[in-house]
Amino acid sequence: MVVRAKVKQDDVAKALNLALRCLTAREYTKVELTTRLNRNFTASATQQAVEKCVAEGWQSDERYADMLLRHCLAAGYGPLKFKFDAKRKGLRDDLIKTTCEGAAWTEAACALLQRRCDDPASLDYLSKQKLLALLARRGFSGAQALSALNFLCSSADNGL
């Protein structure tokens, strides 16, 4: 059995075509798109196609970061999870930091606790510990978790 190495194409037009097909399906970071194109095309063709996508605004790391942030907030994930996922996808540290700064993480933690807790007035010590552990597992800091739990308990005391 003879194993042949796959010959990569050097056609920029075909690389751009594949990049556009990928980008119409979902958002990609620049790193993800480059990796995807490098499977079939040479580094030169890949670089030119990705640069064209960025120049035309078809690919944007800022747009991807905003989309990931919205996803994390809606799904009840915290800033640590957001930073981990963004770093794994190849986003720059400065972009991650600026995107993460303006987010309402404590409000997202509060919303998650309200969805998970039927009767906040009846929470005992062990139940509160479990809720704090839930928030920690989902990527919230200790301060954010405590703030959310305090808000949940105070809203139960006030009848909200």
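## Surface and overall shape

The accessible surface of the protein chain is about 9700 Å², and carbon and sulfur atoms account for 54% of it. The model is a predicted one. Of the 160 residues in the chain, 38% are buried.

The C-alpha trace spans about 65 × 45 × 25 Å along its principal axes. The radius of gyration is 22 Å, whereas a compact globule of 160 residues would have a value near 15 Å.

## Helices and contacts

The protein chain has nine helices and zero strands. Read from the N terminus, the order of elements is α-α-α-α-α-α-α-α-α. Among contacts between residues at least 6 apart in sequence, 68% join residues at least 24 apart.

## Nonpolar cores

The largest nonpolar core has 30 residues, and the members that touch the most others are Phe-82, Trp-105, Leu-135 and Leu-149. At least two residues of this core come from each of helices H4 (61-75), H5 (79-88), H6 (93-101), H7 (105-116), H8 (125-137) and H9 (142-158). H7 gives the most, with six residues. Another core, of 14 residues, lies apart from this one and includes Leu-16, Cys-22, Ala-49 and Val-50.

Leaving aside residues up to four places away in sequence, Trp-105 touches Leu-69, Cys-72, Leu-73, Tyr-77, Gly-78, Pro-79, Phe-82, Cys-100, Phe-140 and Gln-144.

## An annotated region

UniProt, in an unreviewed entry, places the feature "domain: RecX second three-helical" at residues 60-97. Over residues 60-97 the chain is 79% helix and 0% strand.

How values were computed. Residues numbered from 1 in each chain as written. Predicted model: local features only at pLDDT ≥ 70, side-chain atom pairs only at ≥ 80, totals over all residues. Heavy atoms only, no water. Core = buried A, V, L, I, M, F, W, Y, C linked by side-chain atoms within 4.5 Å. Buried < 20%, exposed > 50% of the residue type's maximum accessible area, 1.4 Å probe, protein only. Helix = DSSP H or I, 4+ residues; strand = E, 2+ residues; numbered from the N terminus. Contact = heavy atoms within 4.5 Å. UniProt positions renumbered as here; feature names shortened; annotations may be inferred. Rg over C-alpha atoms; globule rule 2.2 N^0.38 Å. Areas by Shrake-Rupley, 256 points an atom, 1.4 Å probe, with all protein chains shown as cover.
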